Amino acid sequence: TSPLTPLCAVADVPAGGCRRIALPGRPPLAVFRIDSGIHVTDDTCTHGDASLCDGEIEDGLVECPYHQGAFDIATGKPAGAPCTIALRVYPAQVQDGQVLAALP
Ligand code: FES
């Protein structure tokens, strides 16, 4: 099992929203806090250089701010054109109020 990397406190992620996390040496991550729980994905849209944390979040989907493509936050599957490439998702868990993710 991969070691878990602490990303932020759950309390630092707005309910129903997202927080972008920049770690050295890797593309930024997005921590989503939605009804289905905490999810960690890449923050950069797979269609272009947009930050998904700047997008709209609704019904488990995030809509990209650039061309209104969309992804399922829990699975990373594309959920709206022009996005066709899945968003990478990372196993995440909450321990003692901290969001941890298994990053490759
Ligand atoms: Fe995200 Fe185009 S950059 S839909």
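A residue is called buried when its relative accessible area is under 20%. By this criterion Cys18, with a relative accessible area of 14%, is buried in the structure, which is a predicted model. Cys53 likewise counts as buried, at a relative accessibility of 16%.

These two residues are joined to each other. Cys18 and Cys53 form a disulfide in which the sulfur atoms lie 1.9 Å apart. A disulfide is a covalent bond between the sulfur atoms of two cysteines. Cys18 belongs to strand β2, which covers residues 17-21, whereas Cys53 lies in the loop between β4 (37-42) and β5 (56-58); the pair therefore ties together parts that are 35 residues apart in sequence. With sulfur atoms within 2.5 Å taken as the criterion, the count comes to one disulfide.

Cys8 is in no disulfide, as the nearest cysteine sulfur, that of Cys18, is 9.4 Å away. In Cys83, the sulfur lies 3.9 Å from the closest cysteine sulfur, which belongs to Cys45. Because a disulfide requires the sulfur atoms to be within 2.5 Å, this separation is too far for a bond. Cys83 is buried as well, with a relative accessible area of 6%.

Attention now turns to a sheet. Strands of a sheet pair through backbone hydrogen bonds, either parallel or antiparallel. In the predicted model, an open sheet of three strands is arranged in the order β1-β11-β10, and the pairing is antiparallel. Strands β1 (4-9) and β10 (92-95) stand at the edges and have a single partner strand each, so one side of each is left without a neighbour in the sheet. On average, neighbouring strands of this sheet are turned by 30 degrees against each other, when direction is ignored.

The pairing can be described strand by strand. β1 pairs with strand β11 (residues 98-102) in the antiparallel sense over five bridges. Within this pairing, Ala9 has Gln98 of β11 as its bridge partner. Between β10 and β11, the antiparallel pairing extends over four bridges. Here Gln95 stands opposite Gln98 in β11.

Definitions and conventions
Residues numbered from 1 in each chain as written. Predicted model: local features only at pLDDT ≥ 70, side-chain atom pairs only at ≥ 80, totals over all residues. Heavy atoms only, no water. Pairing = 2+ DSSP bridges. Helix = DSSP H or I, 4+ residues; strand = E, 2+ residues; numbered from the N terminus. Axes fitted to C-alpha atoms, helices over the stretch in contact; angles between N-to-C directions. Buried < 20%, exposed > 50% of the residue type's maximum accessible area, 1.4 Å probe, protein only.
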